Every structure is written in structure tokens, then in C-alpha cells.
Amino acid sequence: MSLNAYITDEEIEGSDDGPLAGKTVAVKDNISTEGVRTTCGSKMLEEYVPPYDATVVERLKDAGATIPGKTNMDEFGMGTTTETSYFGATKNPVDEDRVPGGSSGGSAAVVAAGDADLALGTDTGGSIRCPAAFCGVVGIKPTYGLVSRYGLVAYANSLEQIGPIAPTVEDAAALLDVVAGPDENDGTTREEGADTDFASAADGDVEDLTIGVPTELVEGAEDAVVETFDAAIEDLREQGATVEEVSLPSVEYAVAAYYVIAMSEASSNLARFDGVRYGNSGGYDGNWNESFSEARSEGFGDEVKRRILLGTYALSAGYHDKYYKQAQEARAWVKQDFDEAFEDVDVLASPTMPILPPELGESLDDPLKMYLADANTTPVNLANLPAISVPAGDADGLPVGLQLVGPAFGEETIINAAAAVED
């Protein structure tokens, strides 16, 4: 089965022993690997070979893991389908006519297909949870600051996190145990959770758990997705959990706020790819402005160009307060709504994705439709909270993911609840 899930299949050996000895862990191609090219799915970095390992890669190697290769992704993490990659689309192993989700689609696909035991992805607005849901595997987006971002090629610094993708909740938690913890190279990392045994939390005991179901994150989902989600929630209730409806009114504005913030940060972060400092120069002559323009025109794909332009516009004089400032105010509102909800419930549950995996090519002509598909995942990143996607069942023969969100550094609680869904 050719899924086009790897961009580079060069193997990286780890130490001889450790908790991941004998395991293969695929790594998304926006995470630096010393001596092995890291392309971000872009022509701009087609031949870029980093001189150092990301902290998470160092930790994988120290834990005994073998990295079989670098996985395909939407270009610079910008997409929900892994179709914007310069190296071609990845196919969903469940149905090769459908997308695997994005932007970590290659990582989810190799795990679902059994081509790697585990994988690392990155999640800026749902990019671990979306492909996990579409491919029928488990994905964890950690609390912001739990996992080092040192060596991650930045897209939107205030939103993104590296996290695990695995066949089971316990496997995902065990991989999180390896990569989590503070890092002197990343000032945003925190001490919280550093000594936690996440794998042991996957016991599935929800007897005293209160689960909140935000009505806003269920109402917009397809009927088949809602039916599968409702059945999983009913199963949790039968296992002893208490289920309550809650409201998060701010999420109506979350997608818009997310894209303004993410695109604004991207326009700044991607300025370094000018064909001089980083990226393919294209061999252009002439003055710097012309060379800069030519290198970026040729090196970036349409979706990346679109987001850079929109982000630059949102930050420009006269529009900063109208767009970026308001987006940050909406972000604060989203966080406040989550904080208030967690005063009454232990976790929040929703469908991970409101839709089933689209067919290949279906979303490319309608970027707005692709953006709106992130409605259930982007609020979590705005609030810097942890979330997990766990398979809830099938609808029309396609996987449906259930998302569980916890308070900051509440990974143990969502891992426990996810294990109950899995059981």
C-alpha cells in the first residue's frame, strides 16, 4: 500500500536500551533531525538538512527508539488534509480515496497502517487530533509548555505543541512520558507534569468523573458523527461517569480568532525563508527585493502564500486593532469560558472533527470550508489546554474521533477518560 506518508525514509538509530527500545517512532517533517533533511512539506526547504536534533528527537533516541523516517505533512503545517504538501497528498489507510487529515497526516497514516509503532506530530489548531480522528488512532495535544518546542520549525509559536500519535491510549501516554518535561532550550516549558507517569493514568476508571458536553461543539457536526459520539458518551455514562450539558458561547468566534492569530504569527515566522538565510534561492540575480520575491513565489505553495498575505494584512498599520487585537480579546474570552466550565466538570467531550474524512481533492478548492472543519479543535489551542482524540467508533465505515479536553496540565484525567472510551 503506497500512502505517500513518508517524505524521507532515512532511518535514525537510538540508544541500545530504554523504554522505547525496539519501537519505531516516525517524526513529522517539521521537527529537526541532525543530518537528515527536514522539509516542512515545502519546496522552500526541499534540501534543508538541520545541524542539530530537536529536544524531542534527542529524548526519543535516548529512550531507545528507532526513527524510521520523516512523515508527510501539509506545507509548514498549514492545512487539514495533508494535500498542501509539495511532495504530494498522503492517502488515508482506512480508505485510500480519502484524506488522512492534517497537518500531521503522514504521522497518523503510518501508525494506522502499521508502518510505525508510534509517531510524533504537531498541533497548532488540531493538527494531531484531526488526523488521529480521520485515521482511527489516538492523538494527544499536550498543554502548552509540557513538551519542548526547541527544534520545531515555527508556524505559530503561541499555539503549537508537539505530541504523540499511537494505536492505543496507553501507547500514546507512554510516548508522552518520554518527550514531556522542561527544557533549558525552551523558555516556555514548565515544571508541571515533569514527574508524572502518564501511561499509568490509562486505567479507564470513570466512576467519579463528571463530563461536560458543550452544545456548541456538537450542534454543527454531521448526523452520522453525532450518532457515533452520542453512543460513546452513553457508554461512558453506563461505566459510571456523570454527563452534563455545558455552554461555551465564545467558541462561535474561535475559528476566526485562531486564523487571525495563527496567520499573523506565520507571516512573521516565515519571513526568514528568503532564499538567503534559509530556503531555496532559485539562483536569482538582481536586487535583494526581486530575489526575495522570486524565491518566495517559487518556494511557497498557494495555501502558505494565502496565510502569509492574510497575516501580514492583519498586522499592518490601520488594521492591527481591527483584527489582531480583537482576535486576542476573543482568545481571552475562550480561555475564560473553559476555566468557568472546569469549575463544574472534570473534562469536556465533543466530536474531534464535525465531519467524516473528505475525499481527496474535495477541500482544495474551498479553503473556507477547510478552515471551518477546525471548529472543535482550535478553541483548545487558543486556551493552551490539553486534549486527546480517541476512536469512538465508525460511521459509514469511516472512523469517528471523540475529543476530551482537560484543564491545564490535566493530561492524566483526559488519558484516563480516553482509556474508558477505548475499553
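Student: Hi! Where does Ser103 sit?

Tutor: Ser103 is in the loop between β3 (70-71) and α2 (105-113). Helices (H or I, at least four residues) and strands (E, at least two) are DSSP runs, numbered from the N terminus. Residues are numbered from 1 along each chain as its sequence is written, and this is a predicted model, where local features need pLDDT of at least 70. Side-chain atom pairs count only at pLDDT 80 or more, while totals for chains, interfaces and linings use all residues; side-chain values use heavy atoms, leaving out hydrogens and water.

Student: Is Ser103 buried or exposed?

Tutor: Ser103 is buried, with a relative accessible area of 1%. Buried means under 20%, exposed over 50%, and partly exposed in between (1.4 Å probe, protein chains only).

Student: Which residues does UniProt mark as "active site"?

Tutor: The unreviewed UniProt entry places that feature at Lys28, Ser103 and Ser127. They span 100 residues in sequence, but no two of their C-alpha atoms are more than 11.0 Å apart, so they gather at one spot. UniProt positions use the numbering here, feature names are shortened, and annotations may be inferred rather than shown by experiment.

Student: What joins the side chains of Ser103 and Lys28?

Tutor: A polar contact of 2.7 Å. That term means a pair of N or O atoms within 3.5 Å; within protein, one must be able to donate a hydrogen and the other to accept it, and residues adjacent in sequence count only if both atoms are side-chain atoms.

Student: And what does the side chain of Ser127 reach?

Tutor: The Ser127 side chain reaches the backbone nitrogen of Ser103 at 3.1 Å. Ser127 lies in the loop between β4 (118-123) and α3 (129-135), and Ser127 is buried, at 6% relative accessible area.

Student: New topic! Which residues touch the most other members of the largest nonpolar core?

Tutor: Leu60 and Leu404, out of 64 residues in that core. A nonpolar core is a set of buried Ala, Val, Leu, Ile, Met, Phe, Trp, Tyr and Cys residues joined through side-chain atoms within 4.5 Å.

Student: How many residues of strand β11 are buried?

Tutor: Eight of the eight residues of β11 (residues 398-405) are buried, so the strand is largely enclosed by the rest of the structure. Leu398, Val400, Leu402 and Leu404 point one way from β11, and Pro399, Gly401, Gln403 and Val405 the other way.

Student: How many bridges join β10 to β11?

Tutor: Eight, and β10 (residues 387-395) runs antiparallel to β11. Gly393 stands opposite Val400 in β11.

Terms used
Pairing = 2+ DSSP bridges.
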